[in-house]
Each structure stands twice: as C-alpha cells, then as structure tokens.
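Trainee: I would like to learn how to read salt bridges and a sheet in a model. Could we take them one at a time?

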Amino acid sequence: GSNNNLGRNAAMDAEYRQRMAAVNDWVEASTALAMAEPVQALVLFFQADINIDGRYPPRTNKPDGYAEFRALLARTAQRLNKPLLLVHGDSHDYYFDQPMRDAKGNSVIQVTRLEVPGSPRTEWVKVRAGVGKDARTFWQATPFRAPD
C-alpha cells in the first residue's frame, strides 16, 4: 500500500511491522547465502519505489514507510561488499543508476538501482552482470521498446 502501509491506521501499522520483520529476515538470509557461496553479486527484486534517490519530498504528516528498508539495504551492501542490484517497478520510469546514500550522505557504491519501465509502455530491460571489474561498472542494462 501507499507509504509501505505505514502511518495509515493501527492495523496497517501492525501489518507493516510484521512484513518488515519478514523482509529483514529475507534480506539477511539472502546476504548470508551470497557471502557464503562463491558468487560475485546479489540481486534483489521488489515492487515498490522506495524513494532511493529522494526525488519525492518527505511527507510531513506521516513517517517514511521506506526509511527502514533503505537503511537495511545500505547496511547490507556495505556488509556484503559485492555489487548489489536492486530491481523494482512501481513508478515505471527507467532508471539505471547508483543513487543510494548511507546515513552520513556518502554514496553506497556497491548498490545499483534498476527501475524498470511499465504500464502503459511495453518495454523490457536486458541486464548483463560481470561487465566491469568494480561495483560501479559490474552491471550493464539495455532498455528495449517493443515495436509499435
């Protein structure tokens, strides 16, 4: 739901807390597996636009429903110390960039965000991994538009 269901009513706040506990467990388990296995990177898929780049102004009358998730992802990326690709939709604009900042405002270079296009456009994105040798150049994305 809107704002990750936080700050709407007591039932939605309870749902938010329960779901975010499960999300935390999911990210922690995925990170532990990626650290234990000989993998080069980790990819996480989720639906919501978590405002990773701050392009949406904060709501003054409600808590930020994605702040906890953004902080978890920043900590995860730094602990993982491997390229981390975050793939999401929601706003349906195409972005392929590295906008994540930590709590001190420093760039979290391990994190690349891919926001995929969506309705009403019919498009897809081809992603290649291992292209570059460092986290900033590890991923390559090429958007494609379906013929009209």
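Trainee: Is Arg19 buried, partly exposed or exposed?

Mentor: Keep in mind that this is a predicted model. Buried requires under 20% relative accessible area and exposed over 50%. Arg19 has a relative accessible area of 26%, so Arg19 is partly exposed. Glu15, at 29%, is also partly exposed.

Trainee: Which residue forms a salt bridge with Arg19?

Mentor: The general idea comes first: side chains of opposite charge can pair when their charged atoms come close. Here the partner of Arg19 is Glu15, with 2.7 Å between the closest N and O atoms. Both residues belong to helix H1 (residues 10–36) and are four residues apart, about one turn of the helix.

Trainee: How many salt bridges are there by this rule?

Mentor: The count is nine. One of them joins Asp53 to Arg113, at 3.0 Å from N to O. This pair links distant parts of the chain, 60 residues apart: Asp53 sits in the loop between strand E1 (42–45) and helix H2 (67–80), and Arg113 in strand E4 (residues 111–115).

Trainee: How do I classify the accessibility of Asp53 and of Arg113?

Mentor: Apply the cut-offs again. Asp53 has 28% relative accessibility and therefore counts as partly exposed. Arg113 has a relative accessible area of 1%, so Arg113 is buried.

Trainee: What does Arg113 do with Glu115?

Mentor: Their side chains meet in a salt bridge, 3.7 Å from N to O. Glu115 is buried, as is Arg113. Both residues are part of a network of salt bridges that also includes Asp49, Asp53, Arg55 and Asp97.

Trainee: Now the sheet. What is the order of its strands?

Mentor: Read the order across the sheet, strand by strand. This open sheet of four strands runs E1-E2-E4-E3, with mixed pairing. E1 and strand E3 (95–97) each have a single partner strand, so they stand at the edges, and one side of each has no neighbour in the sheet. On average, neighbouring strands are turned by 15° against each other, direction ignored.

Trainee: In which sense do E2 and E4 pair, parallel or antiparallel?

Mentor: Strand E2 (residues 84–88) pairs with E4 in the parallel sense, over five bridges. Within this pairing, Leu85 stands opposite Thr112 in E4.

Trainee: Which strands does H2 touch?

Mentor: H2 packs on the sheet and touches E1, E2 and E4. The direction of H2 makes about 150° with that of E2.

Conventions
Residues numbered from 1 in each chain as written. Predicted model: local features only at pLDDT ≥ 70, side-chain atom pairs only at ≥ 80, totals over all residues. Heavy atoms only, no water. Salt bridge = Lys/Arg side-chain N within 4 Å of Asp/Glu carboxyl O. Helix = DSSP H or I, 4+ residues; strand = E, 2+ residues; numbered from the N terminus. Buried < 20%, exposed > 50% of the residue type's maximum accessible area, 1.4 Å probe, protein only. Pairing = 2+ DSSP bridges. Axes fitted to C-alpha atoms, helices over the stretch in contact; angles between N-to-C directions. Contact = heavy atoms within 4.5 Å.
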